[in-house]
Amino acid sequence: KPGNLYRDIGNVVQGLADQRGFSVVRNITGHGVGRNFHSAPNVPHYAGNKAVGVMRPGHVFTIEPMINEGEWRDVQWPDNWTITTTDGKRSAQFEHTLLVTKTGVEILTAAT
């Protein structure tokens, strides 16, 4: 909601993953959506990150964590697209786009 720090998203995502025995890749982040698709702010999904920025009404951004059975360290394949964890265990990655409103947030990619 307005006034929240973008860095706090990482505390929530990693907290939920940790409670369930999973890890969160650190090199995949959410991002702002504007005139340039991948724009500021950078939205890390892990706790203790140093992201800057405060949510304001009208901001549009993504969250897109990669949640893993094993370790969080990742490796990118030679195709420059595919990413796996270094231990090769199962992972899942998803993305949602959010709009900060005056009173909270609207999930623009929510199922209808």
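This note walks through a predicted model of one protein chain, point by point.

1. **Overall make-up.** Start with the parts list. The protein chain has one helix and 10 strands. From the N terminus on, the order is α-β-β-β-β-β-β-β-β-β-β. Along its principal axes, the C-alpha trace spans about 45 × 35 × 30 Å.

2. Of the 112 residues, 30% count as buried. Now take the contacts between residues at least 6 apart in sequence. Of these, 62% join residues at least 24 apart. Keep this in mind when you trace the chain by eye.

3. **The three-stranded sheet.** Three strands form an open sheet in the order β1-β5-β8, with antiparallel pairing. Which strands stand at the edges? They are β1 (23-24) and β8 (91-93). Each has a single partner strand, so one side of each is left without a neighbour in the sheet. Strand β5 (residues 66-68) is joined to β8 by three bridges. One place to look is I67, whose bridge partner in β8 is A92. As background, strands of a sheet pair through backbone hydrogen bonds, either parallel or antiparallel.

4. **Pairing around β9.** Look next at strand β9 (residues 96-100). It pairs with β4 in the antiparallel sense, over four bridges. Here T62 stands opposite T97 in β9. Strand β9 also pairs with β10 (residues 105-107), again antiparallel, over three bridges. In that pairing, V100 has V105 of β10 as its bridge partner. A hairpin of four residues joins β9 to β10.

5. **The aromatic pair.** How many aromatic pairs does a search of the whole structure find? It finds one. The partners are Y6 and F61, arranged edge-to-face, with 5.1 Å from centre to centre and 90° between the planes. Y6 lies in the segment before α1 (8-19) and F61 in strand β4, so the pair ties together parts that are 55 residues apart in sequence. Are these two residues buried or exposed? Y6 is buried, because its relative accessible area is 1%, under the 20% cut-off. F61 is buried too, with a relative accessible area of 3%.

6. **N49, a polar residue in a loop.** N49 sits in the loop between β3 (39-43) and β4 (60-63). What does its side chain reach? It comes to 2.8 Å from the backbone oxygen of Y46. A polar atom of the N49 side chain also lies 3.1 Å from the backbone oxygen of R7. Leaving aside neighbours within four places in sequence, N49 is in contact with R7, G10 and P44.

7. **T85 and its surroundings.** T85 belongs to strand β7. With a relative accessible area of 2%, T85 is buried. Its side chain makes a polar contact of 2.8 Å with the side chain of D87. Not counting residues up to four places away in sequence, T85 touches V25, M66, N68, E71, R73, D74, V75 and S91.

8. **A charge over a ring.** Find R26 and W72. The charged end of R26 sits over the ring of W72, 4.3 Å from the ring centre.

9. **Two backbone features to check.** Most residues other than glycine have a negative phi, and most peptide bonds are trans. Two places here depart from that pattern. The peptide bond from A40 to P41 is cis, with omega near 5°. P41 lies in strand β3. The other place is N80, which has a positive phi of about 60° although it is not a glycine. N80 is in the loop between β6 (74-76) and β7 (83-85). Is N80 buried or exposed? At 57% relative accessibility, N80 counts as exposed, because the cut-off for that word is over 50%.

Technical notes
Residues numbered from 1 in each chain as written. Predicted model: local features only at pLDDT ≥ 70, side-chain atom pairs only at ≥ 80, totals over all residues. Heavy atoms only, no water. Helix = DSSP H or I, 4+ residues; strand = E, 2+ residues; numbered from the N terminus. Polar contact = N/O pair within 3.5 Å; in protein donor to acceptor, adjacent residues only side chain to side chain. Contact = heavy atoms within 4.5 Å. Phe/Tyr/Trp six-rings, centres within 6.5 Å; stacked < 30°, edge-to-face > 60°. Buried < 20%, exposed > 50% of the residue type's maximum accessible area, 1.4 Å probe, protein only. Lys NZ or Arg CZ within 6 Å of the ring centre and 35° of its normal. Pairing = 2+ DSSP bridges.
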